[in-house]
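Work through the exercises below with the coordinates open. Each task is followed by a solution in steps.

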Amino acid sequence: MSSSSHRCNGKKYKSIEDEPVTSFPHLSINMLFRLYNEDSRVYGPVNPLLINKLRLQRAMAHQAVMCTSTSWSWTWRFIVFILILLQVAVADVFLWPEPQTVRWESGARIVLNPAFEISAPDHPELSSAVARYAALIRTERWYPVQVPRSVVITRKAGTDSEVVILNVFVVDLAADLQHGVDESYTIEISPTSSNASLSAGTVWGAMRGLETFSQLLRVAEPSANAPLYIERGVFISDKPNYPHRGILLDIARNFFPVEDIKRTIRALSHNKLNVLHLHITDAQSFPLEIKSEPDLAVKGSFGPQFIYYQEHVVDLVRYGRRHGVRVIPEIDAPGHTASWGGAHPDIVTCLDEFWLPNPADWSQRLASEPGSGQLNPLMDKTYEVVKNVIDEVAALFSDHFFHAGGDEVAPACWKRSDLVTDFLARPNDDARNNTLSDLLTTYIERTRAMIDVHNKTAVYWEDILLGAEVKVQRASVPAATTILQTWNNGPLNTKTLTAAGYRTIVSSNDFFYLDCGHGGFLGNDSQYDQNFNDDPTSTVNYGGRGGSWCAPFKTWARIYDYDITANLTEDEAKLVLGGEVALWSEQADETVLDAMLWPRSAALAESLWSGNRDPADATKKRSGDAIDRLNDWRFRLVHRGINAEPLQPLWCLKNPRMCNSVY
């Protein structure tokens, strides 16, 4: 359009620079803002001049629609203007997580040749991934479930081109799957070439690129004969915002068969999550075979069929590597260790006592939940057993991180031991009586050395530093060599830890605990016996938590919208390694695993991979755009054998925007 004037509904517009900003019902301006900028980044920061032009053109097009004689004429002039200006178009391709940069070309679609193949360097894990994705591409044949929310110009008319081969290039084949490894990649698919390319710095980046390539493919109709195709030529440049992106799975409170854990690893890989944190031991069970301490599993598990034997662990770690997923072990101690008592009752205090002797006095608890027992730091045998466990676990798991727990030490449990009470009555080197914090410090310092000797980085829960009743001094857990995982007080504790110089993994229960809102699991609980809302002091059943200490339920949007570096300085934010959603398994096992994890864990995946903010306006979250892509991705996960729970009624996917809180 030119700057010549025109009239509509009696109002004269003398130039496009003078037009007001109004809504245009056919093409979302927010969508258009993401199309292009002069830095050649799609879905990125937009040139201000271009934004103004788009706003003003939208305003004129809207006024044109309001003029009955010229409505569609002006609408299509506007569309043509956009195509000429940008030379690209919106593609209704739902990618998850959204890549950092996507630039669609104009032109016809690109059909996958029936003889399509993937060519890649010879590498054990990469070759496995290539074979896996080649099979997936041939069999998936995805037809989108989600209806695009906007009028979409898919491509110019023309003859379809073909892609025959995907060439994979890797710069460093030797880079190991460890924290901070390069996961970046680029994809280039041109309508003028039958060869597509995927370039990555490492094997693990190439795996991320293979996942994106698989999501680009679909069929035009749900027919067995419909060809697989890619919407148009495209260039993608991608990398994660955070190096640590994962799921914590509690396999101690309930047992999860190996095949179900493998399926979870596969789902992690599809979502570009790269960490499976296995919370292996807890008060309820010790399900891991330790050959030097065989009775720990024999007497501490739920039975021989509920033990992870060492060949299982080797298999899981190998499977994780083939999917680009690090498997990190956690041996939680010295609290949460009642299960050690079957093999070694002499090193566990308050063993087999009722966990809450006085319900009216929480300070007298012997554990934070049923299953009382804590390792006694004053016994030499404790360290003999712990060393045997650490030595074997460190050898079984190839990851450089070793999570040693350290959370929720119950003071009253330790005080059940005469050794401990005698220790507390004696003065220490500072001429003051010993404390339980001194006791914890003794345990942490002695066992930390056992981890260090294996060249592992020790990870602990924040409690060892921030515990209200028992904690260690910072000198015992140097920030330079220690990682802390935060789970309380949301961004406040993240701020406290990073301000103190600690690298931090975020798992705030206010945002990332997947089991929250499910209700309590304690039996003989009379608080549920309330037929009428007649007690203003009780908020369990009416407008309350329903017995869940961390209620409410954490929706996908709650997870997606959490900014894990909120209110941090630039230097503090650099210490945040990433985050993990956590599935504690008091009320979960393999029968509900997929639905409790997915697609909510996918929300974390995009938030930590490419962010939760609208690249065109960083002050806004992009969850409104994400819901369409996540809805379709949920159905695609189900198609891939991951039984993810639905986010909305299917009607919502067929009627875009109609299920939003604001249209």
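**Exercise 1.** Characterise the disulfide of cysteine 516 and cysteine 550 in this predicted model.

Solution. 
- Distance: the two sulfur atoms are 2.0 Å apart, and a disulfide requires them within 2.5 Å.
- Handedness: the torsion about the S-S bond is about -110 degrees, so the link is left-handed.
- Position: cysteine 516 and cysteine 550 both lie in the loop between strand E19 (503–506) and helix H15 (556–560), 34 residues apart.
- Burial: the cut-off for buried is under 20% relative accessible area. Cysteine 516, with 1%, is therefore buried, and so is cysteine 550, with 3%.

**Exercise 2.** Find the other disulfides, and state for each whether its cysteines are buried or partly exposed.

Solution. 
- The count comes to 3 disulfides.
- Cysteine 350 is joined to cysteine 413, S to S 2.0 Å. This link is left-handed, with -90 degrees about the S-S bond. Cysteine 350 sits in the loop between strand E14 (348–349) and E15, and cysteine 413 in helix H10, 63 residues apart. Both cysteine 350 and cysteine 413 are buried.
- Cysteine 652 is joined to cysteine 659, S to S 1.9 Å. The value about this S-S bond is -75 degrees, again left-handed. Cysteine 652 is buried at 6%, whereas cysteine 659 is partly exposed because its relative accessible area is 30%.

**Exercise 3.** Classify two of the aromatic pairs by the angle between their planes.

Solution. 
- The whole structure holds 17 aromatic pairs.
- Phenylalanine 302 and phenylalanine 306 lie 6.3 Å apart, centre to centre, with 80 degrees between the planes. Angles over 60 degrees count as edge-to-face, so this pair is edge-to-face.
- Tyrosine 383 and tyrosine 443 form a tilted pair, 6.1 Å centre to centre and 35 degrees between the planes. Tyrosine 383 belongs to helix H9 and tyrosine 443 to helix H12, 60 residues apart. Both tyrosine 383 and tyrosine 443 are buried.
- The charged end of arginine 446 sits over the ring of tyrosine 383, 3.8 Å from its centre.

Conventions: Residues are numbered from 1 along each chain as its sequence is written. This is a predicted model: local features need pLDDT of at least 70, side-chain atom pairs count only at pLDDT 80 or more; totals for chains, interfaces and linings use all residues. Side-chain values use heavy atoms; hydrogens and water are left out. Rings of Phe, Tyr and Trp (its six-membered ring) pair if their centres lie within 6.5 Å; planes under 30 degrees apart count as stacked, over 60 as edge-to-face and the rest as tilted. Helices (H or I, at least four residues) and strands (E, at least two) are DSSP runs, numbered from the N terminus. Buried means under 20% relative accessible area, exposed over 50%, partly exposed in between (1.4 Å probe, protein chains only). A charge sits over a ring if NZ of Lys or CZ of Arg is within 6 Å of the ring centre and within 35 degrees of the ring normal.
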